[in-house]
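This report concerns a single predicted model. Please consult the sequence and coordinates alongside the text.

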Amino acid sequence: MARLLRPVGLDFTRTAPVRLVFAREITAAPEAVYRALADDVPGWSEWFSAVASARPLDGGDRREVRLVGGTRFRETIVAAEPNEVYAYRVDETNVPGMRALLEEWRLVPAGTGTRVQWTFAADGPLAFRSVLKGARGGLGRSFRGAVTALDARLAAR
């Protein structure tokens, strides 16, 4: 069953009841990382093992993402600043209890590479927030694996 979520803006990364922030430096340049995030949405499933499929909608203003295990998201892009930030909010999902979710990928030059920071900002009832906080370790491992795989993919090009 599809659940409509509360629309939130980029400021939600600072005000959300649950904010999980992960960062890692990789060798790829910010330009290449940004292109992989924003311009190659279907390619996400090649480097982010949790993503089964992803496709742009509405000329790239929205996305549809399916995760391994059956979770589905319909998202709206809320920030797309080349080589700096790519963020999207979830508008619709099949995840019970979720009220709002926004993910932000912030890119900062680090030597010849990039410091990639992923902020996972969410809201829901207390039980949902508790489960999400408990999932911090798994989400961190997923992020580290994804950006490591993305770095290797970009280096092979």
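## Basis

The model is predicted, so local features need pLDDT of at least 70 and side-chain atom pairs pLDDT 80 or more, while totals for chains, interfaces and linings use all residues. Residues are numbered from 1 along each chain as its sequence is written, and side-chain values use heavy atoms, without hydrogens and water.

## Largest pocket

The volume of the largest pocket is about 410 Å³. Among its 22 lining residues, L67, F73, E103, F120 and L139 are the closest to its centre. A pocket is an open set of points on a 1 Å grid where a 1.4 Å probe fits, with protein on both sides within 12 Å along at least five of seven lines; lining residues have an atom within 4 Å of a point. The volume is the space filled by probe spheres set on the points.

At least two lining residues come from each of β4 (62–67), β5 (72–81), β7 (100–110), β8 (113–123), α4 (126–134) and α5 (136–155); β4 contributes the most, with three. Helices (H or I, at least four residues) and strands (E, at least two) are DSSP runs. The lining comprises 17 nonpolar, two polar and three charged residues, where Ala, Val, Leu, Ile, Met, Phe, Trp, Tyr, Cys and Pro count as nonpolar, Asp, Glu, Lys and Arg as charged, and the others as polar.

Seven of the ten residues of helix α2 (30–39) are buried, namely P30, A32, V33, Y34, A36, L37 and A38. Buried means under 20% relative accessible area, exposed over 50%, and partly exposed in between, with a 1.4 Å probe and protein chains only.

S130 belongs to helix α4 and is partly exposed, at 43% relative accessible area. Its C-alpha atom is separated by 8.9 Å from that of V18, 112 residues apart along the chain.
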